[in-house]
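Visitor: I have a structure to look at and a few questions about it. Could you walk me through it?

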Amino acid sequence: LLDDALPLLWIEGELSNLARPASGHLYFTLKDAHAQVRCAMFRPRAQLLRRIAQLGEVVVRRWLDAAHAAAQIHRLRVLKQLGHAGMGAVVENQVRGAGHISASHLTYRAHGSNLPGMGTTTTTQENTMKRTYQLGERVSYEDRANPLRIGTSQFQLCGDVAVRGDVSSQFLTALLLALPLKAARQDIAIAVQGELISKPYVDITLNLLRRFGVRVQREGWQRFVIPAGSRLRSPGRIAVEGDASSASYFLAAGVLGQLHGKGQPVRVEGVGQDSIQGDVEFARVLQRLGANVRWGDDFIETFGLQPGVAALRGGVIDCIAIPDAAMTLAMTALFADAPTTLTSIGSWRVKETDRIDAMSTELAKLGAQVESGPDWLRVHPLPTSQWRSAAIATYDDHRMAMCFSLASFGHADIRILDPGCVSKTYPDYFTDFARIVQPVPVITIDGPTASGKGSIASAVAEHLGFANLDSGLLYRLTALLAQRRGVPLHDASALAELAANLWVRFDKETVLVDGMRVPPVELRTEDIGKAASTIAALPPVREALLALQRQLRRAPGLVADGRDMGTVVFPDAPLKVFLTASAHSRAQRRHKQLISHGIPSILADVFADLEQRDARDMQRAVAALKPAADAKLLDSTNLSLAQTVDAVLELWHQTA
């Protein structure tokens, strides 16, 4: 619907920051002398590209937003098409100035001298490369990515080794761990430039080195000396703590899960009150904000709020010691009683993505008011009525994906795009997260066309106070949008893309798609019904709608009707009902339904159409119409609507 409502523009810009993660999506920046735009092209479209542009080339893109002001950075835009328009002026100037780099290589300048051509690097990579060149190492990148090419070592030392401390403590940590190997004959000093962030992480390194026989002399946080004669010696046996930064998501869940009054304590084992990790400070911050936190020698436990506290407190939080765990605080801020300002987080801008910008963008999708600066982020509380359902982009950043899982404790439907990016540090995160979250109860009601499942599901949901999912409407909406946009019903890839970007809200008798009302009568025509049945047989379409249907599972419960709700979409539903009725009875019901909606109908034609749909639904290769192995069969041929609803409720009471 956005395509129908907004003008489409072709924008020309120079390509930079190109990334294509395992998800198949493309992420990059388009820029000119006055502005830059962060962009994404999702996999279905990206797969259609005949070639991927190189860094520095000028490309033209078609987008859905007419706003384009100079001298600012635009947030993420979703691309529809991408074309090539030659080499960009910025890179051409670099090539002329350096004389030895190609279109796929950039020049890094330090202290007035050129380094050999290397691939496009992040700030972290650039700083690492600078350190190796100081020490006589020869390291280069090729083709804008890994692997590293490491030349023969000619170690040499001239004075202190300079390292930036205001971007990441990882540079200093790496040198502290490696340089004892070269300290046999001379002291080696490391000088930190700028204020050192993540000092607790450096403390971990110093403690670890002491256990391995190396005692680093620290002069404040600006200079570290590895004494001559230092060498690494095995301590024999060493215990490794659990990761405190990853624990932050579960500790926050233990607080947020109780806000609805039905949560249970969450205990994280492997880290405790005497942990040497800086990120355990996150739990202390939660405690200061009003969270109920218990400490043990080998565990930290959270359970809702402290007695007498109605909501988490807001305020200003200095996050210099916990830059990674601070991302979790941006999520808990949504549930606070006042704005929360996170300071000293400038390092967010040079991580896997610009996390300040990414967090601002994605929080705004939820409806939150967010402000940001070079090294700070302010998040305002999000009232219950203002939560918006959203698809959260992860930017191939594991922490973005894990943080926004906590938004599921809010009051909207959350979909995490490319959740597989957590494999970088925590491949089983979502499995573990699901273990501590009590599944929302689901009643599935499957059955053939016109078996009455829609009316019965709606009545059962209303009686129990549950949400209602009419899965057939999703396929009808997809078919309707395909009809409006001229997408052929045999184009599985285009239909899947349409379905993947479908955002729908059911509000009693009203259907809203991307905020626009769709008249129910348009969805109930025979043409749309036949088209929906056709596209429902396409595996890519079913896969695209599968995630959307599961995201509609929200507290206090869900009643879902369709043809594969119990077999495919919600196989863990505690109650699965397979509703049947004779073909003649179903044809009569369908005929009356069409007439009531003002749609002309002939009973014989309706009967013939039902038989065709039944055959198509039962014979399709994917998600064929059939009862789940543990489904309760219910024949409604001789039952009224009220009697059928009572029968389902009785089955539910028996299950519960």
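Guide: Start with two definitions. Helices (H or I, at least four residues) and strands (E, at least two) are DSSP runs, numbered from the N terminus. Two strands pair if DSSP finds at least two bridges between them. This is a predicted model, where local features need pLDDT of at least 70, side-chain atom pairs count only at pLDDT 80 or more, and totals for chains, interfaces and linings use all residues. Residues are numbered from 1 along each chain as its sequence is written, and side-chain values use heavy atoms, leaving out hydrogens and water.

Visitor: In strand 31, which residue is the bridge partner of L579?

Guide: Strand 31 covers residues 632–635. Strand 30 runs parallel to strand 31, and four bridges join them. In strand 31, L579 has as its bridge partner L634.

Visitor: Which residue in strand 30 stands opposite T444?

Guide: Strand 24 covers residues 442–446. Strand 24 pairs with strand 30 in the parallel sense, over four bridges. The residue opposite T444 is K576.

Visitor: How many of the six residues of strand 30 are buried?

Guide: Buried means under 20% relative accessible area, exposed over 50%, and partly exposed in between (1.4 Å probe, protein chains only). Strand 30 spans residues 575–580 and is largely enclosed by the rest of the structure.

Visitor: Is E301 buried or exposed?

Guide: E301 is found in strand 17, residues 299–305. Its relative accessible area is 11%, so E301 is buried.

Visitor: With which side chain does the side chain of E301 make a polar contact?

Guide: A polar contact is a pair of N or O atoms within 3.5 Å; within protein, one must be able to donate a hydrogen and the other to accept it, and residues adjacent in sequence count only if both atoms are side-chain atoms. Plain contact means heavy atoms within 4.5 Å. Leaving aside neighbours within four places in sequence, E301 is in contact with residues including P265, V266 and N292. The polar contact, at 3.1 Å, is with the side chain of R267.

Visitor: The charged end of R267 sits over which ring?

Guide: A charge sits over a ring if NZ of Lys or CZ of Arg is within 6 Å of the ring centre and within 35 degrees of the ring normal. The charged end of R267 is 3.7 Å from the centre of its ring. That ring belongs to F299.

Visitor: Y426 and Y429 have rings at what angle, and what kind of pair is it?

Guide: Rings of Phe, Tyr and Trp (its six-membered ring) pair if their centres lie within 6.5 Å; planes under 30 degrees apart count as stacked, over 60 as edge-to-face and the rest as tilted. The structure holds 10 aromatic pairs. The ring centres of Y426 and Y429 are 5.5 Å apart. Their planes are at 75°, so the pair is edge-to-face.

Visitor: What kind of aromatic pair do Y429 and F433 form?

Guide: Y429 and F433 are four residues apart in helix 12 (residues 429–436), so about one helical turn separates them. Y429 is buried at 0% relative accessibility, and F433 is buried at 8%. Their centres are 5.8 Å apart and their planes 25°, and the pair is stacked.
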